[in-house]
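Visitor: I have a model open and would like to talk it through with you. Could you take my questions as they come?

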Amino acid sequence: MASVTVESRLAFSIDRILGLERPGNCLKLHRPWAENNVESENRKQQQQLNSQPTSNWYIGRRPRTAFTTSQVNILETVFQVNCYPGIQLREQLAERLNLDEDRIQIWFQNRRAKLRRSLRETRLQLVQTAVADLGVGHEVIVEHTDKI
C-alpha cells in the first residue's frame with residue numbers, strides 16, 4: 001500500500017510531466033516559515049542591497065517578474081496536467097525554472113483566473129449568438145404571419 005501512495009505522490013513531479021525523469025534527484029525544499037533568524041536577516045539585507053531607487057509610487061512594490069518563453073511553456077505544460085499544483089511541485093518548478101516558489105504560485109492563480117475569464121467570455125458569445133439567431137427567426141415568423 002505504501003508503494004501506491006508514493007507512486008501517486010510522484011505522479012505530478014515536474015520531471016515526470018516533462019518526460020525528463022532523473023533517478024536520485026534530491027531537492028532542497030523551500031520552507032520560508034522554517035528559516036532561522038540569521039538566514040532571514042541575511043535575505044532581507046540582500047534584498048535591500050539589490051533594491052533600486054524608484055519613484056514614490058513604487059515604494060514597497062516588488063518589481064514585476066518577466067517570465068521567459070521557455071519558462072511560460074513549461075508552466076503551461078504543467079497547467080494542462082494539473083492546474084492546482086501542490087507545494088512540492090511548485091518547489092520543483094521553482095528550482096528548475098530558477099524562480100521563487102511564490103512567483104510560481106501567483107502565476108498559477110493568474111492562469112486559473114485567465115481560464116475562468118476565457119470560459120465566461122465563450123459562454124457569453126454563445127448566448128449572444130443564440131439570442132441573435134432567435135431574433136432573426138422571430139422576424140421571419142412575423143413576416144410570414146403578416147402575409148397570411
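Visitor: Which side chain does D102 meet in a salt bridge?
Guide: This is a predicted model, and in it the side chain of D102 meets that of R103 in a salt bridge, with an N to O distance of 3.8 Å.

Visitor: Are those two buried or exposed?
Guide: D102 counts as partly exposed, at 34% relative accessibility, while R103 is buried, with a relative accessible area of 18%.

Visitor: How many salt bridges does a search of the whole structure find?
Guide: The search finds 3 salt bridges. One of them joins the side chains of R111 and E76, at 2.9 Å from N to O, and this pair links distant parts of the chain, since R111 sits in helix 6 and E76 in helix 4, 35 residues apart. R111 counts as buried, with 17% relative accessibility.

Visitor: And what does R90 form a salt bridge with?
Guide: R90 forms a salt bridge with E101, and the closest N and O atoms are 2.5 Å apart. Because R90 lies in helix 5 and E101 in helix 6, the pair ties together parts that are 11 residues apart in sequence. Both partners are buried, R90 with a relative accessible area of 12% and E101 with one of 9%.

Visitor: What else is R90 in contact with, leaving aside neighbours within four places in sequence?
Guide: Besides E101, the contacts of R90 on that count are P85, I104 and Q105.

Visitor: Let's step back. What does the secondary structure come to?
Guide: The protein has 6 helices and 0 strands, so that, by the DSSP runs used here, reading along the sequence gives the pattern α-α-α-α-α-α.

Visitor: How much of it is buried?
Guide: Buried residues make up 18% of the 148 residues. The protein exposes about 12100 Å², and carbon and sulfur atoms supply 54% of that area.

Visitor: And what share of the contacts comes from residues 24 or more positions apart?
Guide: Among contacts with a separation of 6 or more, residues 24 or more positions apart account for 67%.

Visitor: Back to helix 4, then. How far does it reach from its first C-alpha to its last?
Guide: Helix 4 covers residues 69–81, which is 13 residues, and it reaches 19 Å, close to the 18 Å expected at 1.5 Å a residue.

Visitor: Which residues in helix 4 are buried?
Guide: The buried residues there are Q71, I74, L75, V78 and F79. They cover an arc of only 140 degrees around the axis, and this puts them on the same side of helix 4. T69 and Q80, on the other side of the helix, are exposed.

Visitor: Which members of the largest nonpolar core touch the most other members?
Guide: That core has 14 residues, and those touching the most other members are L75, V78, L93, I104 and F108. Helix 2 (14–18), helix 4, helix 5 (87–97) and helix 6 (101–147) each supply at least two residues of it. As background, nonpolar side chains in soluble globular proteins tend to be buried together.

Visitor: What does L75 touch, not counting residues up to four places away in sequence?
Guide: On that basis L75 touches F67, L93, L97, I104, W107 and F108.

Visitor: One more: how far apart are R112 and F79 in sequence and in space?
Guide: R112 and F79 are 33 residues apart in sequence and 8.8 Å apart in space, taken from C-alpha to C-alpha. R112 is found in helix 6 and is buried, with a relative accessible area of 16%. Not counting residues up to four places away in sequence, R112 touches F79, C83, Y84 and P85.

Key:
Residues numbered from 1 in each chain as written. Predicted model: local features only at pLDDT ≥ 70, side-chain atom pairs only at ≥ 80, totals over all residues. Heavy atoms only, no water. Helix = DSSP H or I, 4+ residues; strand = E, 2+ residues; numbered from the N terminus. Expected span 1.5 Å × (residues − 1). Buried < 20%, exposed > 50% of the residue type's maximum accessible area, 1.4 Å probe, protein only. Arc of directions from axis to C-beta. Core = buried A, V, L, I, M, F, W, Y, C linked by side-chain atoms within 4.5 Å. Contact = heavy atoms within 4.5 Å. Areas by Shrake-Rupley, 256 points an atom, 1.4 Å probe, with all protein chains shown as cover. Salt bridge = Lys/Arg side-chain N within 4 Å of Asp/Glu carboxyl O.
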